Amino acid sequence: MPKAAWSLALLAAALTQGADLPHFDEYPSSAEWHGPAAAVKLLTPSERMFTTKLSEAAREAPNFAGHYRITSWGCGTFCAAGAVIDLQTGDVFPPPLALKGNGWQHWISCAASFEGAGGEFHVSSNLLIARCGHNFSPQGKNRPDAYYLLWEDNKFKELTHLHPPREKPENAP
């Protein structure tokens with residue numbers, strides 16, 4: 001299915017579920033922030049496992065929800081990990097779709113990071129769109145699930161979850 005057709009299929013799926021897709025401008029973040037970044041607070045053993053990555057990311061400009069920095073790194077084949085850093089306070093939070101636990105798995109955002117997976121976010125919005133999953137079409141293209149998430153009270157709240165349309169294999173009756 002071509003990219004445009006896939007986008008239309010996702011839109012149609014959302015509309016048939018009775019929900020309009022959230023838009024970035026509907027969830028504005030607080031005013032722009034240009035202050036000096038606070039030192040990253042690495043309080044737990046799992047946070048300290050990624051001291052270098054988190055400290056380096058905290059020196060960069062905000063890229064999400066006003067004064068937050070989203071950073072990501074690989075964690076193996078088809079695996080993505082990351083964190084959300086509050087540049088004002090130095091607090092570190094798990095990424096969207098994070099696995100449960102206190103160890104390294106706490107930072108995994110997508111254990112099925114195939115073609116089409118990733119995130120979309122803006123410094124001026126509290127909305128994040130995460131795409132993750134392996135849902136291959138008969139033509140071999142991956143169609144990840146799409147999660148529309150709101151950053152609220154230092155955690156992600158799911159607004160909408162779109163499953164890709166299921167397609168029959170080309171040879172099926």
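This is a predicted model: local features need pLDDT of at least 70, side-chain atom pairs count only at pLDDT 80 or more; totals for chains, interfaces and linings use all residues.

Biologist: Which element is Arg-69 in?
Modeller: Strand β1, residues 68-74.

Biologist: What does the side chain of Arg-69 reach?
Modeller: The backbone oxygen of Ala-61, at 2.7 Å. Arg-69 also touches other residues, among them Glu-60, Asn-63, Val-84 and Leu-87.

Biologist: New topic. How many aromatic pairs are there?
Modeller: The structure has seven. One of them is Phe-64 with Trp-151, an edge-to-face pair. The centres are 6.2 Å apart, with 65° between the planes.

Biologist: Where do Phe-64 and Trp-151 sit in the chain?
Modeller: In distant parts, 87 residues apart. Phe-64 is in the loop between α3 and β1, and Trp-151 is in strand β7. Both Phe-64 and Trp-151 are buried.

Biologist: Which residues make up the ring cluster?
Modeller: Ring pairs link Phe-64, Tyr-68, Phe-93, Phe-121, Trp-151 and Phe-156.

Biologist: On to the strands. What does β7 pair with?
Modeller: β7 pairs with β6, antiparallel, over six bridges. One example is Leu-128, whose bridge partner in β7 is Leu-149.

Biologist: And how is β5 joined to β6?
Modeller: By a hairpin through five residues. The two strands run antiparallel, with four bridges between them. Gly-118 has Arg-131 as its bridge partner in β6.

Biologist: How many residues of β6 are buried?
Modeller: Five of its six, so defined by the under 20% cut-off.

Definitions and conventions:
Residues are numbered from 1 along each chain as its sequence is written. Side-chain values use heavy atoms; hydrogens and water are left out. A polar contact is a pair of N or O atoms within 3.5 Å; within protein, one must be able to donate a hydrogen and the other to accept it, and residues adjacent in sequence count only if both atoms are side-chain atoms. Contact means heavy atoms within 4.5 Å. Rings of Phe, Tyr and Trp (its six-membered ring) pair if their centres lie within 6.5 Å; planes under 30 degrees apart count as stacked, over 60 as edge-to-face and the rest as tilted. Buried means under 20% relative accessible area, exposed over 50%, partly exposed in between (1.4 Å probe, protein chains only). Two strands pair if DSSP finds at least two bridges between them. Lists of a residue's contacts leave out its neighbours within four places in sequence.
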